[in-house]
Amino acid sequence: MALVLHAGSGNKNAFKALIVAEYSGVDVDLVKDFQMGVSNKTPQFLNMNPIGKVPVLETPEGPLFESNAIARYIARMEADNPLYGSSLIEYAHIEQWIDFSATEIDVNIGKWLYPRLGFYQYVAASEEAYVAALKRALGALETHLASNTYLVGDSVTLADIVMSCNLYLGFTRIMTKSFTSEFTHVERYFWTMVNQPNIKKVMGDVKQAESVPPVQKRNAAPKEKKLKEVKKEDTKPKPVVKAEEEEEAPKPKQKNPLDLLPPSKMILDEWKKLYSNTKTNFREVAIKGFWDMYDPEGYSLWFCDFKYNEENTVSFVTLNKVGGFLQRMDLCRKYAFGKMLVIGTEPPFKVKGLWLFRGPEIPQFVMEECYDMALYEWRKVDISDAAQKERVSAMIEDLEPFEGEALLDAKCFK
């Protein structure tokens, strides 16, 4: 009996088994025309896996489920398979990274992605926690890959196959270039792996997600429509249904709540132009102009401090992290101005920022859509406090030293 894998052709967990089979010279047949929600509900499938999850591998000894177990089984079919390393410690490290990939990478990608697709209830605060956890995991992976081409040893192992398949879901569905750009070694590793011949044969050409999926409403159970019985003897002509009853008119595009706020005396674009065009006497011209324009009724100022400065041990990684944050804030460019300072000449570097937002609070859509927001502590500026007001001026001006330390870099969002 040949090995038969039950799963959809694009299932990243099925990829694990198929890729291991390619590396190990094992024949595995993927069932044709598998339909999730149909094929996995049949009595035959439920006899193999009572909870109906995929993939399932049919073997001569009986069915096997759980993708990592299936991948291990296929790898073990070849004696002394190099996918399992060449020593006991390499074997242990391979198992270590398989577990890490499952519990730190795969779980957090799923908990970020699936609520947005409507599979689970979307909760913004929960998403922030999962994205933060994913970034910490990717940071740990980044550190390891900074000095290693593969996870274990000098060639592809089972750990790399499992990790690549789990990263595949993130890279192709939700982890955009702006998100992954701060993890340059992870990027290099992923693209190296998916272009390995045995992996590319299974995955095909891989393209990175261009945007984060919008939040979808969970679908309610469809209501059954009552069918009217048509009597044969009823020959009366049916009433003509008006076009507007057949199809609803398109609803007008919903306005951003910030556009509904009372007009402000501060014109944000005028401030941005003043900031950009002031080349000399910055304090006397731009800073004075800012406070003359500032409208505390229509705008609010916020300080932010990165929560995990102890992780900022590499200068270019820290700068990429801040740059990625500013890219992802593009969704609120019409309503915000920001300054981000990277402080210090020796690691760990501190990241602090100042933001001007339309309205009295940080806009809700920014908190929900930009996951970086959860990585910072936010504090509203009290402009009646002279020290806080001076701190605002110093951050806009890139005043150095800032709070007694040199600036590594200063970035502006405008």
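Start by selecting G85, which sits in the loop between α3 (67–76) and α4 (88–116). Keep in mind throughout that this is a predicted model. Is G85 buried, exposed or partly exposed? With a relative accessible area of 24%, G85 is partly exposed. Now show what surrounds it: leaving aside neighbours within four places in sequence, G85 is in contact with E90 and I94. G85 and V156 are 71 residues apart along the chain, and their C-alpha atoms are separated by 9.1 Å.

Next, colour two helices: α6 (residues 158–173) and α8 (residues 184–194). Their axes come within 10 Å and cross at roughly 105°, which makes α6 roughly perpendicular to α8. To see the contact itself, show side chains for D160, M163, S164, L167, Y168 and F171 on α6. On the α8 side, pick V186, E187, Y189, F190, W191 and M193. Sorted by class, this contact has 9 nonpolar, 1 polar and 2 charged residues.

From α12, the contact residues are F282, R283, I287, F290 and W291. From α15, select K389, E390, V392, S393, A394, I396 and E397. By class, the contact between α12 and α15 has 7 nonpolar, 1 polar and 4 charged residues.

Finish with the cysteines. A disulfide is a covalent bond between the sulfur atoms of two cysteines. How many disulfides does the count come to? The count is 0 disulfides, taking a pair of cysteine sulfur atoms within 2.5 Å as the rule. Select C332 and C370 to look at one case: C332 is in no disulfide, and its nearest cysteine sulfur, that of C370, is 7.6 Å away. C332 is buried, with a relative accessible area of 1%. Another cysteine to click on is C165, which is also buried, with a relative accessible area of 0%.

Note on methods:
Residues are numbered from 1 along each chain as its sequence is written. This is a predicted model: local features need pLDDT of at least 70, side-chain atom pairs count only at pLDDT 80 or more; totals for chains, interfaces and linings use all residues. Side-chain values use heavy atoms; hydrogens and water are left out. Contact means heavy atoms within 4.5 Å. Helices (H or I, at least four residues) and strands (E, at least two) are DSSP runs, numbered from the N terminus. Ala, Val, Leu, Ile, Met, Phe, Trp, Tyr, Cys and Pro count as nonpolar, Asp, Glu, Lys and Arg as charged, and the others, Gly among them, as polar. Buried means under 20% relative accessible area, exposed over 50%, partly exposed in between (1.4 Å probe, protein chains only). Axes are lines fitted to C-alpha atoms, for helices over the stretch in contact, and angles run from 0 to 180 degrees between N-to-C directions. Angles under 35 degrees count as roughly parallel, over 145 as roughly antiparallel, 65 to 115 as roughly perpendicular and the rest as oblique.
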